[in-house]
Amino acid sequence: MEKSDIITAPIVTYARHRIQSDGDGVTTLVCFHGCPLRCKMCINPFSYESDTKYTQMTPSMLYEKLKIDNLYFLATGGGVTFGGGEPLLYPGFIMEFRNICPKEWRIGIETSLNVPWKNVEKVIDSTDFFVIDTKDTDPDIYKAYTGKDNTQMLDNLKKLVGIFPIDSITARVPLITNYNTKEDNERSIELLKNIGVKKIDSFKYIDPKNRLNLFK
Ligand code: SF4
């Protein structure tokens, strides 16, 4: 039996034909179930709620579903972006998926990076780009918003910056109503630049109540 038939991960859904929203070209966003954080304005609470329906898939099963868009990916330089939930809870699955999908597909990971370093390290050779939602670099703001400490995230980011192509790391720095301010945002951006991050995406979170749910 192939390794890719043994490893499984819970997949809530996937969204095809996304353009310029999860990386270059046409992409398919795959959402895993499970997340270590509990962000107060989470846009995908289904990704951790216990009553969410998901399918336990092997990498080959997922590849069979996604290969229908091979020509789109090849023609546009797109591929598959793993999100969630937290994709880095499933590094073995992502490694195996990379092994079986065409090498031209670009593989992206949208992550909070708040997982053990060994999970990050495992996917480095299987990943073309990272998009890291840093929330806020202030420990108290981060904890109030996510319920978790941000030390692990910042330590992982420092390590990642040292070994991964810097132009393929984007740090997202959101302005979060009632949790941080423009000044907090600017302080986070400064700290991230000092760590060595070059691509920073600063924006305002939209209250999920006012957002379109793409997965309904
Ligand atoms: S990291 Fe993402 S999926 Fe997890 S709780 Fe926060 S917004 Fe939701």
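User: Where is His17 found?

Analyst: The model is a predicted one. His17 has a positive phi of about 60° although it is not a glycine. Its place is in strand 1.

User: Which loop holds Asn178, and what is the phi of Asn178?

Analyst: Asn178 lies in the loop between strand 7 and helix 7. Asn178 is exposed, with 8 other C-beta atoms within 10 Å. Asn178 is a residue other than glycine, and its phi is positive, near 75°.

User: In what order do the eight strands of the open sheet stand?

Analyst: The pairing in this open sheet is mixed. Neighbouring strands of the sheet are turned by 30° against each other on average, direction ignored. The order of the eight strands is 3-1-2-4-5-6-7-8.

User: How far apart are the C-alpha atoms of Ala15 and Leu29?

Analyst: Ala15 is placed in strand 1. With 16 other C-beta atoms within 10 Å, Ala15 is partly exposed. Ala15 and Leu29 are 14 residues apart along the chain, while their C-alpha atoms are separated by 5.2 Å.

User: What is the bridge partner of Leu29 in strand 4?

Analyst: Strand 2 (residues 26–32) and strand 4 (residues 79–83) run parallel and are joined by five bridges. Thr27 stands opposite Gly79 in strand 4. For Leu29, the bridge partner in strand 4 is Thr81.

User: What is the bridge partner of Gly79 in strand 5?

Analyst: Strand 4 also pairs with strand 5 (residues 106–111), in the parallel sense and over four bridges. On that side, the bridge partner of Gly79 is Arg106.

User: How many residues of strand 4 are buried?

Analyst: A residue is buried if 20 or more other C-beta atoms lie within 10 Å of its own. Strand 4 is largely enclosed by the rest of the structure, because its buried residues number five of the five.

User: Which residue of strand 8 stands opposite Val173?

Analyst: Strand 6 (residues 129–133) and strand 7 run parallel, joined by four bridges, and in strand 7 the bridge partner of Val131 is Thr170. Strand 7 pairs in turn with strand 8, in the parallel sense over six bridges. The residue of strand 8 opposite Val173 is Ser202.

User: At what angle does helix 7 run to strand 7?

Analyst: Helix 7 (residues 182–195) lies across strand 7 (169–175) and strand 8. Its angle to strand 7 is about 165°.

User: How many residues does the largest nonpolar core have, and which have the most contacts inside it?

Analyst: In soluble globular proteins, nonpolar side chains tend to be buried together. Here the largest nonpolar core has 37 residues. Its largest share, five residues, comes from strand 2. The residues with the most contacts inside the core are Ile11, Val30, Phe32 and Ile94.

User: What covers the buried residues of helix 3?

Analyst: The buried residues of helix 3 (residues 91–100) are Pro91, Phe93, Ile94, Met95, Glu96 and Phe97. Not counting residues up to four places away in sequence, Ile94 touches Phe82, Pro87, Val123 and Ser126. The cover over the buried residues of helix 3 includes strand 1 (9–19), helix 1 (59–66), strand 4 and helix 4 (117–123).

User: Which peptide bond is cis, with omega near 10°?

Analyst: Gly85 is found in the loop between strand 4 and helix 3. The cis bond is the one from Gly84 to Gly85.

User: How do the residues of the shell around the ligand divide?

Analyst: The residues around the ligand include Gly84 and Gly85. Also among them are Cys35, Leu37, Arg38, Cys39 and Ser112. The shell divides into five nonpolar, five polar and one charged.

Terms used:
Residues numbered from 1 in each chain as written. Predicted model: local features only at pLDDT ≥ 70, side-chain atom pairs only at ≥ 80, totals over all residues. Near = placed C-beta within 6 Å. Nonpolar A, V, L, I, M, F, W, Y, C, P; charged D, E, K, R; others polar. Pairing = 2+ DSSP bridges. Helix = DSSP H or I, 4+ residues; strand = E, 2+ residues; numbered from the N terminus. Axes fitted to C-alpha atoms, helices over the stretch in contact; angles between N-to-C directions. Contact = placed C-beta atoms within 7 Å. Core = buried A, V, L, I, M, F, W, Y, C linked by C-beta atoms within 7 Å. Buried ≥ 20, exposed ≤ 12 C-beta atoms within 10 Å, placed from the backbone.
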